[in-house]
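Dear colleague,

Please find the structure we discussed below. My notes on what was found in it follow directly after.

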Amino acid sequence: MPKATRTTTPARHPADSHDLIRVRGARVNNLRDVSVEIPKRRLTVFTGVSGSGKSSLVFGTIAADSQRMINETYSAFVQGFMPTLARPDVDVLDGLTTAIIVDQERLGANPRSTVGTVTDANAMLRILFSRLGQPHIGSPQAYSFNVASISGAGAVTMERAGKTVKERRSFSITGGMCPRCEGRGAVTDFDLSTLYDDSRSLNEGALTIPGYSMEGWFGRILRGCGYFDPDKPIRRFTKKELHDLLHREPTKIKVDGINLTYTGLIPQIQKSFLAKDVDAMQPHIRAFVERVVTFTVCPECAGTRLSEAARSSKIRDVSIADASAMQISDLATWVGGLREPSVAPLLEALGATLDSFVDIGLGYLSLDRSSGTLSGGEAQRTKMIRHLGSSLTDVTYVFDEPTVGLHPHDIQRMNDLLLRLRDKGNTVLVVEHKPEAIAVADHVVDLGPAAGTAGGTVCFEGTVEGLRASDTVTGRHLDDRAALKKTVRTPTGALEIRGAAANNLRDVDVDIPLGTLVVLTGVAGSGKSSLIRGSVAGRDGVVSVDQGGIRGSRRSNPATYTGLLDPVRKAFAKANGVKPALFSANSAGACPACNGAGVIYTDLGMMAGVATTCEECEGRRFQSSVLEYRLGGRDIAEVLAMPVAEAARFFGDGEARTPAAHAVLERLADVGLGYLSLGQPLTTLSGGERQRLKLATHMGTAGGVYVLDEPTTGLHLADVEQLLGLLDRLVDAGKSVIVIEHHQAVMAHADWIIDLGPGAGHDGGRVVFEGTPADLVADRSTLTGEHLAAYVGARRPAARAR
């Protein structure tokens, strides 16, 4: 009888045991010794109220350390050219894989940057035209609006075989840049009456340009240049003197024995103000530029940015300018119809890139769209393009609210994309608030329980169903659904829009009710932002709060950004009989050892720099003598360490009562930032916190109409209710509030809804519904109506009798 063979289960291979990302003792920002285990090759969603520590754990700890360790694999020479990254404050990080970060940072606002240039689609399109375009005009750079055509010739001296030899050399570069607008697509004209008051002389303060005064070096240059009399009124300048004041090109001069450069006002403004996109400017600079400068479409290139030669070269009667202006979904069809074996790999790669735009819901864009005009959600999805077709596996993809800017109809498509990345064997980490996106998670990590110092701990780890049954803030609100308003406000008037035709809008005529809460909705790309930017934002009395990021260094904080520090410094100065500059860590009161930074940075070359707390001021940023001055029993460092809520009580009454400071603090508390410290660096704030800080600042601006662009971005489900209360208070105070929004809770709370569509790009641009939320739900004639009805749980009405 044959012997039975005994089989044993093979031991697990050691390489298969690394299936978790382990974090032990994370203390970045407000994290309090957080320890978690995240499964690899799964979709993990991180939830929690805004400011609870989600971004600190995902981006500041896991992704940051992955990138730091990848950088360390390069030689010291190469690392010297790369950003130096410090190790996050964490005890153990184990099981990391290469992290690819796809965040919501806005794309560069350089006026030369377009959707095509940031995704490399333009590069492939230029190669295509350089190979197939007729007539042939040159290499790919001949089709680039960033390359100018230049030529030159001259003698070149060189050493050859011990002898000095002179040779004549010439060169020529054929670029595609329009010479008139220099590849910008627009030309500028200046309203000189807004640059200066011609009835005054320069010494009498004739200039009205921000930052241009007769004080300091600028005044010394104007007085010492000798081109005009600074005491003569500008209206009496000769033609040559006025030309020198306004248009003179940079010229070397000597003033008081010092070599300086004199430049006319208009070249200076072009260099300092117009070198970047208008949307990226500080508010007061932007207001000045919009008042002074008129941007008109370049008459030579008709806004295409390209030279006549580049526009003349065509493939099947389509120039590169025509192709770039096409809606990407149409361009993908055109490229798919080209059958040229000689460029088959190029057509395949370009077609795949364009198809990715369509797959991700951006098919309504065009390649010539300026990247600075994209919303945060559009920017993030544009960055995803290069990853969708990647063959990489075992990579960690990190997303920051990928559903931002998406209509409920499009969220399922985004979920499918995230699951596709996971199913290719990748680890997908997502910071998210939308219940529809949380629902597809394999694993959930909920942080909290609150924000700021009251957060930073893990409240729950497990499945979505486990989260729903938990007693955490997220678990309790996961199934929250807002109800339709029973009564709506009566409008006090109307904001008339007639013939709006910006971008894809089709001569839209609509009346926006005033004195109410109006929600503008529709699928992404339907024309909402075009309607607001083109027909509402520029009007008198309109205060626009968009998704533009807050610009600030590590020295900037809520107190400096909101202007709160000015009345606080004056109150300290008045109470102590000294000058206000002493109470600024960036001015006279700064600690001399750390220059008011609170820490001393040591640069270690290609290695991460080291920041150590200043021993002299112990991180308080001020001179010890300044800290002896008190207001209401507190010194300036103690005041900056206060949370907003405590500071509001401190400046609200008693010895420290300061009405101007209290008003700013009340606005910060109204937007849900009562937990923030006044001196907390802006660089440590989450995306949701930054937008609410921006909203609080604009609430102090005089205006009758507020326009908010997706204010629920970065807000937890529990915070949306507080936002709705804030919007109600604004309207009840006599303001008109217009909100561009996709969140159904905000739609349900509106007094009036304007729905654009029915699709995106050239399939949208029309008003498909206007009325109350209840009418929209009852009508169900649009995608928004269908999703809002499902959200509020409305039953489909029975068929009407004929």
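Ser371 sits in the loop that links helix H12 (344–359) to helix H13 (376–388). With a relative accessibility of 2%, Ser371 counts as buried, since the cut-off for that term is under 20%. The side chain of Ser371 makes a polar contact of 2.7 Å with the side chain of Ser113. Please bear in mind throughout that this is a predicted model.

The angle between H4 and H12 is about 150°, and their axes lie 10 Å apart. The crossing of these two helices is left-handed. On the H4 side the contacts involve Ala121, Met124, Leu125, Ile127 and Leu128, which meet Leu346, Leu347, Ala349, Leu350 and Thr353 of H12.

The peptide bond from Gln134 to Pro135 is cis, with omega near 0°. A cis peptide bond also runs from Gly757 to Pro758, with omega near 5°. Pro758 belongs to the loop between strand S26 (752–757) and strand S27.

Ala161 is not a glycine, yet has a positive phi of about 55°. Ala161 occupies the loop between S6 and strand S7 (163–173), and is exposed, with a relative accessible area of 78%. Asp256, likewise not a glycine, has a positive phi of about 55°. The loop between strand S9 (251–255) and strand S10 (258–262) holds Asp256, which counts as exposed at 61% relative accessibility.

I turn now to the sheet that includes S26 and S27. This is an open sheet of six strands in the order S21-S24-S25-S20-S26-S27, and the pairing is mixed. Strand S21 (542–545) and strand S27 (766–771) form the edges; each has a single partner strand, so one side of each is left without a neighbour in the sheet. From one strand to the next, the twist averages 15°.

Within this sheet, strand S20 (residues 517–521) pairs with strand S25 (residues 736–740) in the parallel sense, over four bridges. Leu520 stands opposite Ile740 in S25. Helix H25 (residues 717–732) lies across S20, strand S24 (705–709) and S25, and runs at about 145° to S25.

The remaining point concerns the nonpolar cores. Which residues touch the most other members of the largest nonpolar core? They are Val568, Ile636, Phe651, Leu665 and Leu678, out of 68 residues in that core. Helix H25 gives the most to this core, contributing seven residues. Leaving aside neighbours within four places in sequence, Leu665 is in contact with Leu564, Val644, Ala647, Ala648, Phe651 and Leu678. There is also a second, separate core of 67 residues, which includes Val45, Tyr364, Ile411 and Leu418.

With kind regards

Definitions and conventions. Residues numbered from 1 in each chain as written. Predicted model: local features only at pLDDT ≥ 70, side-chain atom pairs only at ≥ 80, totals over all residues. Heavy atoms only, no water. Pairing = 2+ DSSP bridges. Axes fitted to C-alpha atoms, helices over the stretch in contact; angles between N-to-C directions. Contact = heavy atoms within 4.5 Å. Buried < 20%, exposed > 50% of the residue type's maximum accessible area, 1.4 Å probe, protein only. Core = buried A, V, L, I, M, F, W, Y, C linked by side-chain atoms within 4.5 Å. Polar contact = N/O pair within 3.5 Å; in protein donor to acceptor, adjacent residues only side chain to side chain. Left-handed = near helix turned anticlockwise from the far one by under 90°.
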